[in-house]
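Please look over the fold shown here. How is the chain built, and how do its helices pack?

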Amino acid sequence: MEFNKRVVIVTGSSNGIGKGIAEAYASEGAYVVVADIDEVAGQNTVEVIKNNNGNASYVRTDLRNPVNIVDLMNKTIELYGKIDILINNAGVSRFKPLYDLSVEEWDDVININLRGTFLCAREAAKYIRKNQHGGAIVNIASTRAFMSEEQSEAYAATKGGIVALTHALSISLQNDFITVNSISPGWIATGDYSKLREIDHNQHPSKRVGKPEDIARACIFLTNPRNDFITGENLIIDGGMTRKMIY
């Protein structure tokens, strides 16, 4: 009952991890706002939720545009009258050779992933702090904040920034009773899970590749009002991969 009629905004929730998070909150009785730039896929997420007796609305949102972010919060208030929880999930990657990555491409990743996360948190907090019970923000980072492959500079920089931003926000918003945490997923399969190979699963200490619902359950946990003693933390969910020594 902790989430019954709570208003939850999930950015980047037209597909993948974000869609799984939106569906999870709806199944818990929350009113979900699907915020995404992809209108067709976003409306599809809303339809799926409604077909499962959930409550959801779609608001087209381009995180590159600060005005869009303000409009997202205003429209959420118009629809539901409050904001309780924000899940900053939206993000893009531009894996490209270091010497070929343009300033414009770098800025695009920064503006969507990092600046967008900050602006969404700030604008949502303006409303969350009005609640008697406060609320919660969860930022989706990545294990790439701590370990890298080649050609991932822009993405890694934003995810590392999100982890740092998270603990900074948790201190700034403490007097508003808003908890702020981040989740760093590892390999989360968003396609056909049955097509994964045995070697894909076995490289994880957990013996399986992750699923969107693994991240969704963590969001549910971190935003449960009974867990308000947890703030400023980053939760790594990667099947144990960042603890596995590989030479």
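Predicted model: local features only at pLDDT ≥ 70, side-chain atom pairs only at ≥ 80, totals over all residues.

Residues are numbered from 1 along each chain as its sequence is written, and side-chain values use heavy atoms, with hydrogens and water left out.

**The whole chain**

The chain has seven helices and seven strands. Both are DSSP runs numbered from the N terminus: helices (H or I) have at least four residues, strands (E) at least two. From the N terminus on, the order is β-α-β-α-β-α-β-α-β-α-β-α-α-β. The radius of gyration is 17 Å, close to the 18 Å of the globule rule for 247 residues, so the chain is as compact as a globular protein of that length. That radius is taken over C-alpha atoms, and the rule is 2.2 Å times the number of residues to the power 0.38. Along the principal axes, the C-alpha atoms fill a box of roughly 50 × 40 × 40 Å.

Buried residues make up 49% of the 247 residues. Buried means under 20% relative accessible area, with exposed over 50% and partly exposed in between (1.4 Å probe, protein chains only). Contact means heavy atoms within 4.5 Å. Of the contacts with a separation of 6 or more, 70% are between residues 24 or more positions apart.

**Helix pairs**

Two packed helices are described by the angle between their axes and the distance between the axes. Axes are lines fitted to C-alpha atoms, for helices over the stretch in contact, and angles run from 0 to 180 degrees between N-to-C directions.

| Helix pair | Angle | Axis distance |
|---|---|---|
| H1 (residues 16-27) and H2 (residues 39-51) | about 30° | 10 Å |
| H3 (residues 66-80) and H4 (residues 103-128) | about 35° | 10 Å |
| H1 and H7 (residues 212-223) | roughly 50° | within 8 Å |

H1 is oblique to H7. H1 and H2 are roughly parallel to each other. Angles under 35 degrees count as roughly parallel, over 145 as roughly antiparallel, 65 to 115 as roughly perpendicular and the rest as oblique.

The crossing of H1 and H2 is right-handed. Here Lys19, Ala22, Glu23 and Ala26 of H1 meet Asn44, Thr45, Val48 and Ile49 of H2. This contact has four nonpolar, two polar and two charged residues.

H1 and H7 also have a right-handed crossing. H1 brings residues including Ile17, Ile21 and Tyr25, and H7 brings residues including Ile215, Cys219 and Ile220. The contact divides into nine nonpolar, three polar and no charged residues.

H3 passes H4 in a right-handed crossing. Among the residues in contact are Ile69, Met73 and Ile77 of H3 and Leu119, Glu123 and Tyr127 of H4.

**Two serines**

Ser13 sits in the loop between strand E1 (7-11) and H1. Is Ser13 buried or exposed? Ser13 is buried, with a relative accessible area of 0%. Beyond its neighbours within four places in sequence, Ser13 contacts residues including Gly18, Lys19, Asp36 and Thr45.

Ser184 lies in strand E6 (residues 178-185). Ser184 counts as buried, at 0% relative accessibility. Not counting residues up to four places away in sequence, Ser184 touches residues including Ala141, Phe146, Val163 and Ile236. Lys159 is 25 residues from Ser184 along the chain, and their C-alpha atoms are separated by 8.5 Å.

How values were computed. Left-handed = near helix turned anticlockwise from the far one by under 90°. Nonpolar A, V, L, I, M, F, W, Y, C, P; charged D, E, K, R; others polar.
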